[in-house]
Amino acid sequence: MSCPHSNYRAMEDDIHTDFKDDMSYGDYLKLNQVLSAQQPLSDQHDEMLFVVIHQTSELWLKLAGHELSAAVVNIQQGDFGHAFKVISRVKQILNQLTQSWNILSTLTPVDYLKFRDALGHSSGFQSAGYRKVEFLLGNKNESLLKVHESDPETYQELKQILDAPSLYDVTLQALHDRGLIIESAQLNRDFSQPYSRNDSVLNAWLGVYQNADEHFQLYELAEKLIDIEDSFQQWRFKHMYTVQRIIGNKMGTGGSSGVSFLKKALDISFFPELFELRTHL
């Protein structure tokens, strides 16, 4: 018998409803733990927005780190197909993170100031998830580990990533393995140090782009890396602009100079030769 209400959807007989002895959706996702973690420290309505945006961002960063770690291994093993898949996923994760700033920007300066003091010295600068992603992409800086010394497990994980080859380092090794000339100093450098632009790397990438049919996998990998940097820079810019919109030029809660500190990150390139080569083509 049909229901006279057109907006009514009847429960189907085969839909499972008894979870006394079975795993439910909430059980699988540990939703009791996840959804009980939003605990604002003030009675201000908008603090919930602030908490949710940053917690969900940390989840996306966790996934991005998971995928980038896989991409490093994939490239080391010559599994370019899977590397392309996970790098494309990271691009979309970064796009999602960028979009989240649009939601946070609905927080007005007046409303943020009502609970900002409750944050103490906590700051996104202390995000281990963000640091992991930056280290995996090659923006190495050992001094940044100091803020994680109070958490030995996190410190050790980040130290291992700091000392290991980044996504770009293993990519340069892949270029060398496929007959392109990369200076040995670039391949055997101290990976804990920031990456510096190199002529041999530039010339190798020029060889890839000028003979794209011959080196198509490397050519496609290069464009995937450009996608990541493009998306990451858009995220950085939107972060900076959102902070500027909400707090102006105030110091950050973690002690940084705030907007001016965030602007400096926009000058950092993970893959400098991939952008420079376009001038020489």
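This is a tour of one protein chain, stop by stop, with what to select at each.

**Before selecting**

The model is predicted, so local features are described only at pLDDT of at least 70 and side-chain atom pairs only at pLDDT 80 or more, while totals for chains, interfaces and linings use all residues. Residue numbers start from 1 along each chain as its sequence is written, and side-chain values use heavy atoms, with hydrogens and water left out.

**Stop 1: the whole chain**

Show the protein chain as a cartoon. There are 13 helices and 0 strands; these elements are DSSP runs numbered from the N terminus, helices being H or I with at least four residues and strands being E with at least two. The C-alpha atoms fill a box of roughly 70 × 55 × 35 Å, taken along the principal axes.

Colour by burial next. Of the 281 residues, 41% count as buried. Buried means under 20% relative accessible area, exposed means over 50%, and partly exposed lies in between, with a 1.4 Å probe and protein chains only. Contact here means heavy atoms within 4.5 Å. Among contacts between residues at least 6 apart in sequence, 70% join residues at least 24 apart.

**Stop 2: the nonpolar core**

Select Leu137, Leu167, Tyr168, Trp205 and Leu274. These residues have the most contacts inside the largest nonpolar core, which has 67 residues. Helix H11 (residues 216–247) supplies the largest share of this core, 12 residues. A nonpolar core is a set of buried Ala, Val, Leu, Ile, Met, Phe, Trp, Tyr and Cys residues joined through side-chain atoms within 4.5 Å.

Keep Trp205 and hide the rest. Which residues does Trp205 contact, leaving aside its neighbours within four places in sequence? The contacts are Tyr168, Thr171, Leu172, Leu175, Leu218, Ala222, Glu273, Leu274 and Leu277.

**Stop 3**

Select helix H10 (residues 199–210) and helix H13 (residues 272–280). Their axes come within 9 Å and cross at roughly 65°. Axes are lines fitted to C-alpha atoms, for helices over the stretch in contact, and angles run from 0 to 180 degrees between N-to-C directions. H10 passes H13 in a right-handed crossing. A crossing is right-handed if the near helix is turned clockwise from the far one by less than a right angle, and left-handed if anticlockwise.

On the H10 side, the contact is made by Val201, Leu202, Trp205, Leu206 and Tyr209; on the H13 side, by Glu273, Leu274, Glu276, Leu277, Arg278 and His280. By class, this contact of H10 with H13 has 7 nonpolar, 1 polar and 3 charged residues. Ala, Val, Leu, Ile, Met, Phe, Trp, Tyr, Cys and Pro count as nonpolar, Asp, Glu, Lys and Arg as charged, and the others, Gly among them, as polar.

**Stop 3: helix H6**

Select residues 128–137, which form helix H6. How many of the 10 residues of H6 are buried? The count is 9: Gly129, Tyr130, Arg131, Lys132, Val133, Glu134, Phe135, Leu136 and Leu137.

At the start of H6, a side-chain oxygen of Ser127 reaches to within 3.4 Å of the backbone nitrogen of Gly129. Just after H6, Gly138 takes a positive phi of about 115°.

Glu134 is buried, with a relative accessible area of 4%. Beyond neighbours within four places in sequence, Glu134 is in contact with Asn139, Phe232, Arg236 and Phe270. Leu136 is also in helix H6 and is buried at 8% relative accessible area.

**Stop 4: Gly254**

Finish in the loop between H11 and helix H12 (259–265), where Gly254 is found. Is Gly254 buried or partly exposed? Gly254 is partly exposed, because its relative accessible area is 42%. Not counting residues up to four places away in sequence, Gly254 touches His121, Ser122, Ser123 and Gln126. Select Ser88 as well: its C-alpha atom and that of Gly254 are separated by 32 Å, with the two residues 166 apart along the chain.

How values were computed
A polar contact is a pair of N or O atoms within 3.5 Å; within protein, one must be able to donate a hydrogen and the other to accept it, and residues adjacent in sequence count only if both atoms are side-chain atoms.
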